[in-house]
Amino acid sequence: MATLYTQQSKNIRKTWLLVGVFLSVILGLGYFLSVYYNNPGILVFAFIFSLVMNITSFWFSDKIALTSARAHPADEKEYLELHRIVENLAITAGLPKPKVYIIPDMAPNAFATGRNKEHATVAVTQGLLQILNKTELEGVIAHELSHIGNRDILLQSMVVVLVGFISLLSHMFLRSMMWGGGGDSDRKGSNVLAIVGIILLILSPIIAQLIQLAISRKREFLADASGALLTRYPEGLASALRKISSAGMPMKSASDATAHMYISNPFGGALNGMHKLFMTHPPVEDRISALLNK
């Protein structure tokens with residue numbers, strides 16, 4: 001019989017498989033470009049540059065996310081109850097207490113960021129504090145602490161960088177083709193390879209984004225399950241998700257780059273049809289059903 005623990009293990013294995021596919025796409029693109037331009041150095045450059053970008057994102061992704069959200073440290077006297085909830089749940093989860101930030105936005109939402117549990121931050125909006133009661137807020141904080149404990153934020157940051165790098169490679173190659181650039185296709189007899197490679201380069205940014213969204217959705221389900229285990233009260237998080245989704249308010253500082261980090265879609269409004277394919281979060285109804293085992 002499946003449990004929350006077995007589902008967590010299953011999601012983790014699938015996520016790392018998707019990341020492996022992601023890295024394979026990058027190396028595949030680098031290999032194609034190196035063959036097309038008859039320059040093995042391109043593959044080496046692709047590997048080294050992706051490594052450098054990942055290291056950079058490891059150190060600065062949290063600062064970028066907090067600055068983008070216009071978040072500021074939550075005063076311990078003014079937000080005493082919030083600090084108590086974060087501290088108590090962190091102790092329960094066996095985590096150091098993360099820094100607590102406030103986002104000056106009336107749209108209810110929250111996210112966690114940081115490279116590891118020792119350098120983590122939980123940020124919540126002013127709107128979230130206004131509409132949730134204590135048990136609901138505990139559910140949201142437990143969800144975010146689960147992201148920290150599962151190292152989701154580091155994984156998400158890595159995937160975002162890889163998406164950008166794949167798009168950059170595709171853009172550079174396609175522009176070179178438009179301006180008459182090309183490889184040694186006659187000598188190599190690689191006209192078919194060039195056509196296949198061009199199709200791959202055109203489709204790869206879309207594929208990369210779909211992989212990114214698939215990983216993000218799986219991590220949300222996992223964080224919901226872990227948060228429910230932490231509070232022992234899944235109804236609290238389920239109720240919070242209902243309130244957050246029903247508010248339908250877009251965040252002023254929402255961006256595509258950081259949308260996947262929030263507990264709920266930061267753009268507000270309901271999405272359906274083909275739009276669901278590009279959602280950074282699974283449908284709220286599915287998350288609530290999973291929490292309540294419906």
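By class, how many nonpolar, polar and charged residues does the lining of the largest cavity have? The count is 4 nonpolar, 4 polar and 4 charged residues; here Ala, Val, Leu, Ile, Met, Phe, Trp, Tyr, Cys and Pro count as nonpolar, Asp, Glu, Lys and Arg as charged, and the others, Gly among them, as polar. This is a predicted model, where local features need pLDDT of at least 70 and side-chain atom pairs pLDDT 80 or more, while totals for chains, interfaces and linings use all residues. Residues are numbered from 1 along each chain as its sequence is written, and side-chain values use heavy atoms, leaving out hydrogens and water.

**The largest cavity**

- A cavity is a set of points on a 1 Å grid over the protein atoms alone where a 1.4 Å probe fits but cannot get out, and its lining residues have an atom within 4 Å of a point.
- The volume of the largest one is about 70 Å³, counted as the space filled by probe spheres set on the points.
- Its lining includes T113, R115, H147 and D152.
- β3 (110-116) gives the largest share of that lining, 4 residues.

**Helices α3 and α5**

- Helices are DSSP runs (H or I, at least four residues) and strands too (E, at least two), numbered from the N terminus.
- α3 (residues 80-93) packs on α5 (residues 134-149) at about 50 degrees, with the axes 10 Å apart; axes are lines fitted to C-alpha atoms over the stretch in contact, and angles run from 0 to 180 degrees between N-to-C directions.
- Among the residues of α3 that meet α5 are L82 and I85, with contact meaning heavy atoms within 4.5 Å.
- That contact has 9 nonpolar, no polar and 3 charged residues.

Note on methods. On a 1 Å grid over the protein atoms alone, a cavity is a set of points where a 1.4 Å probe fits but cannot get out, and a pocket is an open set with protein on both sides within 12 Å along at least five of seven lines; lining residues have an atom within 4 Å of a point.
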